[in-house]
Amino acid sequence: MTAAAAAAAAGEIPAEGAPPPGALYSFGTPWPEFNEGISYIDTFRCADAGATTTLIEFYSTSYKSSAPLPGWIKRIRDGQITVDGEVATDPDMILREGSKLVYHRLPWQEPFAPHLLDVLYEDDDMIALNKPSGLQVLPKGLFQQRTVLAQLQLKDWKMPSSFCSKRKDAQSHPVPVHRLGRGTSGLLLCAKTKLAKAQLAAYFAEGATNAGKSRDETDICKARKISKFYRALVTGILENDEVMITQPIGLVCYPGVAEGLYAACSSGKPAMSKVRVLERLKIHNHTLIQVEIHSGRPHQIRIHLAYIGHPLVDDPLYGIGGQPKFDEPEPTSTADSFAYDGGYERPLQPVPGDCGYHLHAHWLVLCHPTTNEMIKITAPLPHILQTREEQQDTAKLLGG
């Protein structure tokens, strides 16, 4: 089955000529089978003036999390590395101070990701998208092409020349101004102009700053220029109708991930999430909640809910306490444990990009970046994240 057929089978492609409920229109270009690969550039600097460093020593020590020693040897002998513009195939080549090194990662088939995006709001300054679960926002890791940013770049925005001449800060395409996890669906704000980008980024930064201040909750809410509200389904039954979580979030070590993972961490950065119970689904031992975030730390909602003992339903990574799950893998031989291009195979342990959990950026209220008007934008809810009353209303709307 092709990616397009898989997307159609999954119900991601709307009926011909009809945008999905709540959307102005949809757009998206089907992904090619392989991406274009990627190049990583380094300038060699010798730490010890009297020492010599070979090409294989540089890569196997500087990027040992990317590939084992045999993998880097394979990459060099396959001609994937250039030194000062020339292909280098000798692993024992001595490097010179200031040499420009480029590792050309081969094109690869990225994992399946949806390509269609629904537009919920649009004006001359910004656009709000309904991001599907499974689509990454920015390039990282295995997903270098199958991203929201790539779809924004591929679309012809047909901006009139009169608009571009009046708006000197107009961009060739909108750009996302905040993050959503790959498995998180819902509202994603993108800026069309440099001014809107700077202003919206400042709103989000202000929220993160306020989360670390010892101020009355009411004062913090009044000071904010943007408020974001999520829907989530969590394990267990929350006793209190409202919970304020202020656990700091920071990086912790995690096997197989060089930069570490974000988790509940006392030495981390301030983070604040306000949780409100919508329904207690006792028969399933789940609770449907609304979460308002006063900061935007990576995976904040997943970590905060897990920290208070109620991880998101089917979250493959974060367990009770807000720490990443880890099972000691069975010992394997490392001699042949690398993929076709010499790199490691996909990590055996769960990582933040894994999907399966139920989290949706539902609605937001913000001060418009140029008109200063307060506007509200809402993304339609997945069925599983609707209250019983909302499900009944949806069924009536659809004639069910």
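Me: Contact means heavy atoms within 4.5 Å. Which residues does I289 touch, not counting residues up to four places away in sequence?

Reply: On that basis, I289 touches Y230, R231, A232, V234, L238, V275, R276, V277, L278 and L305. This is a predicted model, in which local features need pLDDT of at least 70 and side-chain atom pairs count only at pLDDT 80 or more, while totals for chains, interfaces and linings use all residues. Residues are numbered from 1 along each chain as its sequence is written, and side-chain values use heavy atoms, with hydrogens and water left out.

Me: Which residues touch the most other members in the largest nonpolar core?

Reply: They are L129, L189, I289, L366 and I377, in a core of 52 residues. A nonpolar core is a set of buried Ala, Val, Leu, Ile, Met, Phe, Trp, Tyr and Cys residues joined through side-chain atoms within 4.5 Å. Buried means under 20% relative accessible area, exposed means over 50%, and partly exposed lies in between, with a 1.4 Å probe and protein chains only. Apart from this core lies another, of 14 residues, including L55, Y59, I81 and A88.

Me: Changing topic: in what order do the 4 strands of the open sheet stand?

Reply: The order is β2-β5-β3-β4, with antiparallel pairing. β2 (38-43) and β4 (86-87) are at the edges with a single partner strand each, so one side of each has no neighbour in the sheet. Helices (H or I, at least four residues) and strands (E, at least two) are DSSP runs, numbered from the N terminus. Two strands pair if DSSP finds at least two bridges between them.

Me: How many bridges pair β3 and β4?

Reply: Strand β3 (residues 81-83) and β4 are joined by 2 bridges, in the antiparallel sense. T82 stands opposite V87 in β4.

Me: And which strands does helix α2 lie across?

Reply: Helix α2 (residues 55-62) lies across β2, β3 and β5 (100-105), and runs at about 65 degrees to β5. Axes are lines fitted to C-alpha atoms, for helices over the stretch in contact, and angles run from 0 to 180 degrees between N-to-C directions.

Me: On to the rings. How many aromatic pairs does the structure hold?

Reply: The structure holds 11 aromatic pairs. One of them is F27 with W157, an edge-to-face pair at 5.6 Å centre to centre, with 75 degrees between the planes. F27 is in strand β1 (residues 25-27) and W157 is in the loop between α4 (148-154) and α5 (161-166), 130 residues apart. Rings of Phe, Tyr and Trp (its six-membered ring) pair if their centres lie within 6.5 Å; planes under 30 degrees apart count as stacked, over 60 as edge-to-face and the rest as tilted.

Me: Are F27 and W157 buried or exposed?

Reply: Both F27 and W157 are buried.

Me: Why is the pair of F58 and Y63 edge-to-face?

Reply: The planes of F58 and Y63 stand at 70 degrees, with the ring centres 6.4 Å apart, so the pair is edge-to-face. F58 counts as buried at 12% relative accessibility, and Y63 counts as partly exposed at 32%.

Me: What sits over the ring of W157?

Reply: The charged end of K155 sits over that ring, 4.9 Å from its centre. A charge sits over a ring if NZ of Lys or CZ of Arg is within 6 Å of the ring centre and within 35 degrees of the ring normal. R105 lies over the face of W108, at 3.7 Å from the ring centre.
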